[in-house]
Amino acid sequence: MKREIPILITLVTGLFCLIGFFVPHPAVRFLYDDIQQWVIVIVGATYVLGVANLLRINSVQVSQKALDWPYKIVLMAGLLGMMAIGFAEGNHYSDDASKFSWMYIRVYSPMSATMFALLAFFIASAAFRAFRIRSFDALLLAIAAFILMIGRVPIGNAIHPIIPAAADWLMEVPQNAAKRGILIGAALGVMATGIRLILGMEKTYGSGESS
Amino acid sequence: MNLASIARLDRRWIFLAVGLLVILPLAFGFHIAPVEPSPRSRGFYDAIEKLPEGSTVLLSGDYDPSTIAENYPMHLAAARHLMRRNMKIIALALYPAGPPLTDQVLHMVGEEFGKKEGIDYVNLGYKTGNELVMSSMGSSIPRTFPVDRRGIPVSKIPVMKGIQNFEQFSLLVNVSAGFPGTKEWVQQVVSRYHLPMVAGVTAVSAPEYYPYLQTGQLKGLLGGMAGAAEYEALIQRPALAMRGMDAQSLAHVFIALMILLGNLAFLGKQPARRA
Amino acid sequence: MLPLALFAGNALAFPIEAKDTPNDGGRSVTLTWKTPDQHPARWILVRRERGGAFAPVVTLDGSLARYVDEADALTNGISYEYQLVADPADPPLNSEISLPVIPSPDWLDSTKANVLVVTVLFFIVLFFTINQAHRGRRWTFRKIPGLVAIEEAIGRATEMGKGVLYIPGVQDIDDIQTIASMILLAQVSRLTAKYETKLSVPTNSPAVYTVADEVVKSGYQDVGRADAHQADMVRYLTSEQFAYVAAVNGIMLRERPAANLLLGAFFAESLLLAETGHSIGAIQIAGTANVHQMPFFVVACDYTLIGEEYYAASALLSNDPLLLGSLKSADTVKLVLIIVIAIGCALATWGNPSLGAWFSAQ
Amino acid sequence: MHVSHDIGVWVAALLTLGIFSFLYRDNPVYKFCEHLFVGVSAGYYVVLTYFSSIKPNLLTPLFQHFGENWNCLLIIPFVLSLFLFSRFFPRGDWLSRWSIATILGVYPALRITGFGQSDLVQQVGGSILPFWIQGDPLASFNNILLVLGLLATLVFFFFSKEHEGAVGGVAKVGVYFLMVSFGASYGYTVMARVSLLIGRVMFLLDNWLGVVRF
């Protein structure tokens, strides 16, 4: 029972959604539409579960005085503080002038934007220290990268209009061909995995402990 | 200083050089070259330009502050273009941290063009479920989004009147930072519900979408800040992206040089390694 | 409400076509008409059940030429008639009354027929090959250079008396790429056990840690070297992206492994890890299905398992009939597609685009 | 220069610099910022998820719309959502598998049809091209190159045959096409990262220091 019911649930919901793509008739669509509505909510609940889990893991680390534990307190304070502000403001949490919006604009947003801005520096350093042209393959890669880097910004056009034209051609023909090959291969992989999951053939690692 | 010693250079010097190359052109604003629109940006522009005035357009801003520099300018420019042509905008965001950015864009541009929230545009906000939300909208938008971002029932929002599913939209304008975004809209909506679509995406993901352009699944594509700058040039409204292009150009040249220098230094180092 | 007199016909009437919307769930009628050259500002669309009285449905922009009437008011199986009425009524330019139309639901969306055919064919091949694999059939597959290189790299680490660092990506255990990485890790741990080489596996998720630890332990047991297994071979560092990168880079600089194996789902950290690994002179072998990150691995690593190669490698090592059968079926379909594209292009070149059109239909 | 007097801008600027401090090396200020970021974003997600999905799509229709429009089937997602939390109780965690099972049914189905239509069938359709277009040799050449590149890439990803002889040669051509596409991705990634840095510098120069107005 404990094993069979989840497999059955996956099979039924999966087949309904699969058939619903091809069959518009209300006899199928009625339940198809409902299942989608339900899962939107359940996915929302998994987010809440994930955060509850984050709290649990971090409070354990704090209580055990694990490595960097004082920072885990910062994490939990940020989490609980943000939740308190949001729920205290209720339906007005999304107003432009709310405290929740202030936290979003002044705290969340700048850090989120800066995290990936760091990569501009790292990419330059990696270009210098770890971009090795030691084969014909790597040479092709480097030439394509050069044409794109210069051809995609105004300076390329200022040097000569042929550079952006070459960049366009490169993107539309050879790179397009390879990307499509990857796309088709990946599609076959996703479809094969998908049907194995729906039919309950896939053994998944730690579906229980993965939280 | 020979080449081998360059190879041992502390990488923080490179960081410093990158920083300066970006800060200086922005601070002093010199001008290297004008922005030339590409055919893909033109496709994006034409798709909106071709629509009859007053059409209803779905605007999905699927990004968050981490890619604000690339996506926000195109989001802003698209909203300006749409409102200038009096389109009705139904907006949403499938990144959790996206809805405030959509608010910001719509409020700002709405004020510029005298458009009112609820009458000319609406922000439906965020919904959990990624591509499932798209698929579910194909069945019923009012069921998927019973209320807008402010909690107002969509049945009471004038601009939502008659909106049932994708059939009522003339175009899907997607501003995307990755998953869920352009790929998922193409997969779940474009071919399935026959809705034309244009996308403004981060440069990282842009090459992936070229196959969709060639098949016509996408009518236009803006790639990264450079794509946004081209679009700003097309709607003749220079803004953030165009002002960033000098710094962008210089940094690209610098990184290209770094690749060359790094390989020269590597060649210089080779014999020592064999010895 | 409009006076009924408005709905009367007139001499200048133009035709309007009403059809049951095809490929839908019913209760929907698609109306098309050719907009007259001098159209009014607006149309008022009116509808009646056959024999009943006309009532307005919606006001439309005068320039439109198509409208889909989808309403709860429509009932499947009932006959309806439509007419467009000009607004303002002067000049009187109404459409004819449409022929009666009966909305009805469909059992198959014919625009999806190509998807249905291709999907069903693929699944038939898939189940056939999986079935064959379960019965013990094994096909020969090509060598994967990156896989051969892994064994060489571990060998070299042994000669140098240094360790092997195995980084299983940064996704959680439910990601397919991480699962594939665990299969590869099983093989790697058997090799390090055999060669008595130090293995180090830093993880960024507690769940991956649990599984990886189990995998490494059984790898050592498989080759009868449970005694050589050490408890701290697999470690959980942190879930924060850049903190994880900083910690792994620290391990590389301190322990100076001779071989770096980066196998799994990688994102922005790929270039940071590959750069540090390159700077310490380790042999680097990477494998990922994340297209964006492949360039960084290709330029900084000695071998890269590209996309499907990565999955294929794990399928070959796993000896799992499910994975092997899937690999074989994907190959079969690819071969068919290559032939179809070749034939289609030949036909198209001779002026017959029908095969391409069938695939492109939506 | 008009340095901002808004405390919010100062907070944002200091946090920005705190993250940038990682460039020097991993340090306590960076660690503080990173953990604060993770915490605040998790808190943000909970509030947002509640107000934008759980409340309007479940709680309001389930508890406030008793009467004519009441959809009794919504009890199902309500129960399945609660089941998710059973994993906090050692003996009840099998219940959470029911909820996960619904998710595991829906997404693969969406992906099978989504990938099948857009990334498989449509892409094959887009690759069936005439090799000769009257009066346009360049377009003809591009069509030929696109199709040959695609076929060579597919041959490279074909695992049932050893890469020797003619197959090996074609696979090698496939690798060349892949390398060009990786080069293109490299160039675009550089572009993306530089843009993000430009965005932050604009914020610091404009909103915070007021050196220039963008």
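1. Ile44(C) stands opposite Thr59(C), a residue of strand S4 of chain C. The model under review is predicted. The two strands concerned are S3 of chain C, residues 42–49, and S4(C), which pair in the antiparallel sense over six bridges.

2. Three strands make up an open sheet in the order S4-S3-S6, and the pairing is antiparallel. Its edges are strand S4 (55–61) and strand S6 (80–87) of chain C, each of which pairs on one side only. From one strand to the next, the twist averages 25 degrees.

3. Chain B holds an open sheet of six strands, ordered S3-S2-S1-S4-S5-S6, with parallel pairing. Here the edge strands are S3 (121–126) and S6 (220–223) of chain B, and each of these pairs on one side only. Neighbouring strands in this sheet are turned against each other by 15 degrees on average, direction ignored.

4. Within the chain B sheet, strand S4 (residues 171–176) and strand S5 (residues 197–201) run parallel and are joined by five bridges. On S5(B), Val201(B) is the bridge partner of Ser176(B).

5. A helix accompanies the S5 and S6 part of the chain B sheet. Helix H10 of chain B, residues 224–234, lies across S5 and S6 of that chain and runs at about 120 degrees to S6(B).

6. Turning to the interface of chain D and chain B: the contact takes 57 residues from chain B and 45 residues from chain D. About 4,200 Å² is buried between the two chains, with 65% of this on carbon and sulfur atoms.

7. In one salt bridge, the side chain of Arg111(D) meets that of Glu131(B), at 2.8 Å from N to O.

8. The largest share comes from H6(D), with 18 residues. Sorted by class, the side of chain D that touches chain B has 27 nonpolar residues, 15 polar residues and three charged residues.

Key. Residues are numbered from 1 along each chain as its sequence is written. Chains are lettered from A and ligands numbered from 1 in the order in which they are written. This is a predicted model: local features need pLDDT of at least 70, side-chain atom pairs count only at pLDDT 80 or more; totals for chains, interfaces and linings use all residues. Side-chain values use heavy atoms; hydrogens and water are left out. Two strands pair if DSSP finds at least two bridges between them. Helices (H or I, at least four residues) and strands (E, at least two) are DSSP runs, numbered from the N terminus. Axes are lines fitted to C-alpha atoms, for helices over the stretch in contact, and angles run from 0 to 180 degrees between N-to-C directions. Contact means heavy atoms within 4.5 Å. Buried area is the accessible area (1.4 Å probe) that two parts lose on being put together, summed over both. A salt bridge is a side-chain nitrogen of Lys or Arg within 4 Å of a carboxyl oxygen of Asp or Glu. Ala, Val, Leu, Ile, Met, Phe, Trp, Tyr, Cys and Pro count as nonpolar, Asp, Glu, Lys and Arg as charged, and the others, Gly among them, as polar.
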